[in-house]
Every structure is written in C-alpha cells, then in structure tokens.
Amino acid sequence: MNTRQNVEYSVFQQVLLFLAAYTSAFAGNTQLLDAIGNFKGFVTAIDNVSSKKQPKASKPKTKMKTDTRKSVVSKIEAACLLGLEWAKSTKNEQLIKDFTITDSSFRGKINAMLILANYTYGVLNTNKVALIAATSITAAQLTAINTEIALLQTLQKAPAAARSAQKTITALYKPAFLDATAGKETLINLIRGAYTIGPNANLQLVTDLDNALIFGGNVQHTILKVTFLTAGTTVRMEGAMLTITELMRVGVSNIMGVGQIAEFKPGIYHVTFSALDHISQTQIITIGAGEKLTMTVELVGA
C-alpha cells in the first residue's frame, strides 16, 4: 500500500469498529445490513491482496547469491590456471587468451559476469577430453562449475520475477480500494438517512460515524515484531523466520535478530518460529487493529 492507501485503510478499520459497536442498533434494517456485508467483503478483498505481498529478498538468499558467485569465479579461475599451462604447451594462442582469467575479469555487473562464466565454461567443456588427459582437471570439477553457474543464473532471475509479481499485486490494490470506498459511501448515506431524523434518530450514532471517518494521523498499523535468540543465551539469530500460517506471510530476522510482519488483518493466528538447524515452535497469538506486538523467541538447536 502507498501512503494514501494506508490512510484510507485505517479509516476503513475505524468504520468496521464503529459498525461492530452499533450492531444491535442496525438489527432489522435489511438494506443497511446488506451494505455492511458488502463493505466487509470489500475490506477483506484488500486484506487478501496484502496477504499476497512477498517479503523483500531475504539476507540468506542474498548471501547465497554472493557465495555462489564467489564459488563460480574461484572454480573457473582454478581450472583456467591449469588449462593455461596446457594451452601454452600446445602453443594454442586462442586458448591461451581464453584461459588468461583472473578474479578481476569477473568484476562488475552480474549479467556480464555470467556471460564470461558461460563462455569460459564452454571453452573448458569443449576441450575437456584433452584437459582431463593432460592436466589434473577432472570431469567432476567441470560438472561442478556448470552446476553452480546454473544456480547463480536462477538466483539472479528470482529478484526480477519477484519484482514483477509485486507490481501485479500492487495493481490489485486499486480496484479493491475503489470498491471499499464506494461501499463506505453507501454506508454513510444509508446510516445518515436512517438515523439523522425520524423514529430511529440517534445523534450519538451519527456523531460516532463522523468520528470514525476522520483519520487520526497517529494510527499505527498492525505489526508483529520478534527478536530471535539462541536458547539460553543472549546471542541474536540472523535469518530466522516468523510465519503467520493463515496468511502465508513470512518475516526474516536481520543481523540484529529482529524480524517483523506488518500491515495485516488483526485477529487470532498460528505463528511459527523457525531457523536452520533449530527446532521450530508454533504459538497462537492475538493481535488487535493498530497493535504493535513485540516478542522475544528463543530457539533450541536441533
């Protein structure tokens, strides 16, 4: 959600609280009850869009990409050092040029690095029979290079795909907010028409509706914030995850061991806390609208 949508969503939540407070007053008003049902459905549609939001690239995935890139470069460099001496012995000028590779050759943008990596692997693979016979390069060594290049290419594509999916999800907010806004206007008309004058006039009810439509400016969005510690210590855990099962929302802890999930519908949820090589645990938490729930979770090593 953008800033304007956050404000609108806060007002929608305030209207929902108002409707809940006056449930008994609305009993028997079929037209209004239908409108209330529609409005709740529209707000739920917004919540459903929010539940599809993907977290930003996590530190573990970013670290994996960095480590894989370093591994690809080191493996290619090692193979090329051996291939270079063989190329010199055969006086093959093109292979000498192709195998003259250093760490600095792979610096720069990753796409350019991948092009060079694929080209160099292709040269190694084309000459693998001679290289394996004349040097200590092995078939397994060449296979490992190919496998890690493929992994790096997959990791490189993932962020672009995630950004594309996120743009699609962001676009879904617009119609959902248009529906909810129209539903809110219908409620306003029906409530003011029925409770401002006449036998069911209720000045306090109308005043409370007006107040619900005003953004307070200090409304906090629902946030679940967790600090992960290694059990029995004060050591903070980076890369641990908190998952709201019902919403399929995930948060990943940073270098300070803190992870969070924000902008979700208040309620009662199963939340799972997990980390690599540690025993997962699940708790049931209750969180209200605009509440910021802070927890500390200790995970035991597996």
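Student: What should I know about numbering and cut-offs before I start?

Tutor: Residues are numbered from 1 along each chain as its sequence is written, and side-chain values use heavy atoms, with hydrogens and water left out. This is a predicted model, where local features need pLDDT of at least 70, side-chain atom pairs count only at pLDDT 80 or more, and totals for chains, interfaces and linings use all residues.

Student: What is the mean pLDDT of the protein?

Tutor: The mean is 86, and 90% of the residues reach 70 or more. The term pLDDT stands for the predictor's confidence in each residue, from 0 to 100.

Student: Where is the pLDDT below 50?

Tutor: Residues 56-60 have a pLDDT below 50. Beyond near neighbours in sequence, that stretch has 7 contacts in the model, a contact being heavy atoms within 4.5 Å. Where pLDDT is low, the predicted coordinates should not be read in detail.

Student: OK, the cores. Which residues have the most contacts inside the largest nonpolar core?

Tutor: Phe18, Leu19, Phe26, Ile46, Leu187 and Ile191 have the most contacts inside that core, which has 27 residues. A nonpolar core is a set of buried Ala, Val, Leu, Ile, Met, Phe, Trp, Tyr and Cys residues joined through side-chain atoms within 4.5 Å. Buried means under 20% relative accessible area, exposed means over 50%, and partly exposed is in between (1.4 Å probe, protein chains only).

Student: Which helices each supply at least two residues of this core?

Tutor: They are α1 (3-21), α3 (30-51), α8 (139-195) and α9 (203-212). Helices here are DSSP runs of H or I with at least four residues, strands are runs of E with at least two, and both are numbered from the N terminus.

Student: What does Ile191 touch?

Tutor: Not counting residues up to four places away in sequence, Ile191 touches Phe18, Leu19, Phe26, Leu32, Thr196, Leu205 and Leu209. There is also a second, separate core of 26 residues, which includes Val72, Ile76, Ala87 and Phe99.

Student: Which residues of α6 are buried?

Tutor: Ile110, Met113, Leu114, Ala117, Thr120, Tyr121, Val123 and Leu124 are buried in α6. This helix (residues 110-126) has 17 residues and reaches 24 Å from its first C-alpha to its last, close to the 24 Å expected at 1.5 Å a residue. The expected span is 1.5 Å times one less than the number of residues.

Student: And Thr68, buried or exposed?

Tutor: Thr68 has 8% relative accessibility, so it counts as buried. Thr68 is found in helix α4 (residues 59-90). Leaving out residues up to four places away in sequence, Thr68 touches Glu148, Leu151, Leu152 and Leu155.

Student: What about Gln141, what does that one touch?

Tutor: Gln141 touches Ala79 and Ser136, again not counting residues up to four places away in sequence. Gln141 is in helix α8 and counts as partly exposed at 23% relative accessibility.

Student: Switching to strands. In what order do the 3 strands of the open sheet come?

Tutor: The order is β4-β1-β7, with mixed pairing. Two strands pair if DSSP finds at least two bridges between them. Strands β4 (258-262) and β7 (292-299) stand at the edges with a single partner strand each, so one side of each has no neighbour in the sheet.

Student: How many bridges join β1 to β4?

Tutor: 5 bridges join β1 (residues 223-230) to β4, and the two run antiparallel. Lys225, for one, has Gln260 in β4 as its bridge partner.

Student: How do β2 and β3 pair?

Tutor: Strand β2 (residues 241-244) and β3 pair in the antiparallel sense over 4 bridges. Leu242 has Gly251 in β3 as its bridge partner. Their hairpin has 4 residues between the strands, and Met248 takes a positive phi near 55° there.

Student: Which residues are on the covered face of β3?

Tutor: Arg249 and Gly251 are on the covered face of β3 (residues 249-252), while Val250 and Val252 are on the uncovered one. In a regular strand the side chains alternate between the two faces of the sheet.

Student: Last one: where does Lys91 lie?

Tutor: Lys91 lies in the loop between α4 and α5 (93-99). Lys91 has a positive phi of about 55° although it is not a glycine, and at 67% relative accessibility Lys91 counts as exposed.
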